[in-house]
Amino acid sequence: MTVEPGGPYYDLEVERIVEETPDARSIVLRIPDEVHDRFGYRAGQFLTFAVVIDGHQLVRCYSLASSPDTEREHKVTIKRVEDGRASNWFNDHVVVGQQLPVMKPAGNFCLQPRETPMVLFAGGSGITPVISLIKSALVTTARKMKLVYANRDRESIIFRKEFEELVVAHPARLEVVHRLDQVDGFLDVSTARPVVAETREADFYICGPQAFMDVVEEALAAERVVGEQIFIERFLSPELETLDHPEPREVREGTSMVSVYLDGQVSEVSVGEQETILEACHRAGLDAPCACLEGYCGACMARVKSGTVEMRHNDGGIDASQEAEGWVLTCQGLVRSSDVRVEYPDAT
Ligand SMILES: Cc1cc2nc3c(=O)[nH]c(=O)nc-3n(C[C@H](O)[C@H](O)[C@H](O)COP(=O)(O)OP(=O)(O)OC[C@H]3O[C@@H](n4cnc5c(N)ncnc54)[C@H](O)[C@@H]3O)c2cc1C
């Protein structure tokens with residue numbers, strides 16, 4: 001079942017595809033019994049996929065829009081990004097019966113064991129982890145929820161019907177406020193602030209385009225809502241870090257040379273003493289995969305074939321058995337010997 005023996009990817013079959021809107025589709029994956037435990041998840045978590053496009057392997061995260069508390073299915077929903085490689089590939093080329101290499105679920109954008117109300121702000125595809133949280137909270141808690149859901153127009157509202165049904169089933173607990181850019185304009189602080197002020201003691205969940213999240217964060221700060229009530233999921237596109245820094249940056253002192261296998265090629269990369277292997281790869285212009293950069297998603301994992309690599313922090317991105325097999329999170333990996341070789345996994 002594992003694509004590379006001992007590697008982080010599992011081949012999962014596409015069981016069903018749902019065309020949600022003109023530019024988003026859901027992909028339901030079949031989880032074989034033998035990996036069922038590995039694919040257990042909490043509402044709000046995501047899956048990491050590897051896809052090969054034009055001969056290059058890309059790694060992308062997609063949040064589970066299904067709920068482990070209300071559905072048996074593992075469903076991700078992918079919205080097209082203009083000129084985006086993976087998102088358009090998923091929408092144009094994936095078919096039922098196809099096998100996709102997928103890592104086990106990860107992520108910390110999850111429910112806290114509290115009974116305070118929840119206020120959720122979602123924009124566009126940012127609804128995927130948010131609907132999962134709402135479905136789970138409706139059946140596992142008595143919490144009241146308000147969702148502010150922004151989209152370009154009515155046609156682009158993902159899960160519109162599902163929300164209508166949830167509101168009918170839970171009228172006293174779930175309120176959904178749709179905002180349409182074409183009718184209401186973009187959300188601004190003066191509109192978001194009263195929503196925050198209404199329920200200052202709530203937990204606030206935010207996922208959407210950066211400008212949308214900035215507005216909500218500003219409204220929360222203006223209302224003095226504190227950090228432990230705020231949960232944010234950022235849909236970063238991994239290679240943008242590389243694209244933003246195409247010029248080689250200065251190499252710091254105390255460098256070691258590391259041999260990096262990525263996408264069928266071996267490169268020699270200089271890594272500074274306090275620099276992570278991932279940072280060094282990006283500085284050298286390599287398209288090394290990554291997503292969270294904080295040690296919890298696993299998208300950047302590579303296997304240490306020789307030498308010593310020490311991780312600053314592992315927030316669950318790899319488990320103990322993977323660590324024992326020599327896997328490290330390169331976003332956290334510091335070089336601690338002179339002869340290091342790491343290999344990013346080939347998923348296909
Ligand atoms: C934890 C997490 C969960 C996520 N969940 C979801 C989800 O549920 N649903 C969802 O739809 N998305 C989700 N995402 C986002 C998703 O992972 C991808 O980032 C998204 O699909 C875009 O990937 P892409 O390959 O299509 O775009 P990319 O090809 O990476 O392009 C992204 C942008 O960069 C621009 N670009 C591309 N190449 C270049 C270049 N050479 N020079 C300059 N600009 C360029 C493109 O025009 C585009 O605007 C999530 C991300 C994270 C981190």
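Rings of Phe, Tyr and Trp, the last by its six-membered ring, count as a pair if their centres lie within 6.5 Å. I note that the model is predicted.

**Aromatic rings.** I looked for ring pairs and found nine of them in the structure. I then took up the pair of W89 and F90, with centres 5.2 Å apart and 85° between the planes. This pair is edge-to-face because planes over 60 degrees apart are put in that class. Ring pairs also join F49, Y62, W89 and F90 into a cluster.

**Nonpolar cores.** I asked which residues of the largest nonpolar core touch the most other members. They are V260, V342 and Y344, in a core of 39 residues. Elements that each supply at least two residues of this core include β3 (46-53), β12 (256-262), β13 and α8 (277-283). The largest share, four residues, comes from α8.

**Second largest pocket.** I looked up the volume of the second largest pocket, which is about 260 Å³. Its lining has 17 residues, and H56, Q57, L262, D263 and D287 lie nearest the centre. β4 (56-63) and β13 (265-271) are the elements that give two or more residues to this lining. The largest share, three residues, comes from β4. I sorted the lining by residue type and got 10 nonpolar, four polar and three charged residues.

**Positive phi.** I then looked at residues with a positive phi that are not glycine. D54 has a phi of about 50° and sits in the loop between β3 and β4. F159 has a phi of about 65° and sits in the loop between β8 (145-151) and α3 (160-169). Is D54 buried or exposed? D54 is exposed, because its relative accessible area is 73% and the cut-off is over 50%. F159, at 4% relative accessibility, is buried.

Notes:
Residues are numbered from 1 along each chain as its sequence is written. This is a predicted model: local features need pLDDT of at least 70, side-chain atom pairs count only at pLDDT 80 or more; totals for chains, interfaces and linings use all residues. Side-chain values use heavy atoms; hydrogens and water are left out. On a 1 Å grid over the protein atoms alone, a cavity is a set of points where a 1.4 Å probe fits but cannot get out, and a pocket is an open set with protein on both sides within 12 Å along at least five of seven lines; lining residues have an atom within 4 Å of a point. Grid points are joined across faces, edges and corners, and a volume is the space filled by probe spheres set on the points. Ala, Val, Leu, Ile, Met, Phe, Trp, Tyr, Cys and Pro count as nonpolar, Asp, Glu, Lys and Arg as charged, and the others, Gly among them, as polar. A nonpolar core is a set of buried Ala, Val, Leu, Ile, Met, Phe, Trp, Tyr and Cys residues joined through side-chain atoms within 4.5 Å. Buried means under 20% relative accessible area, exposed over 50%, partly exposed in between (1.4 Å probe, protein chains only). Rings of Phe, Tyr and Trp (its six-membered ring) pair if their centres lie within 6.5 Å; planes under 30 degrees apart count as stacked, over 60 as edge-to-face and the rest as tilted.
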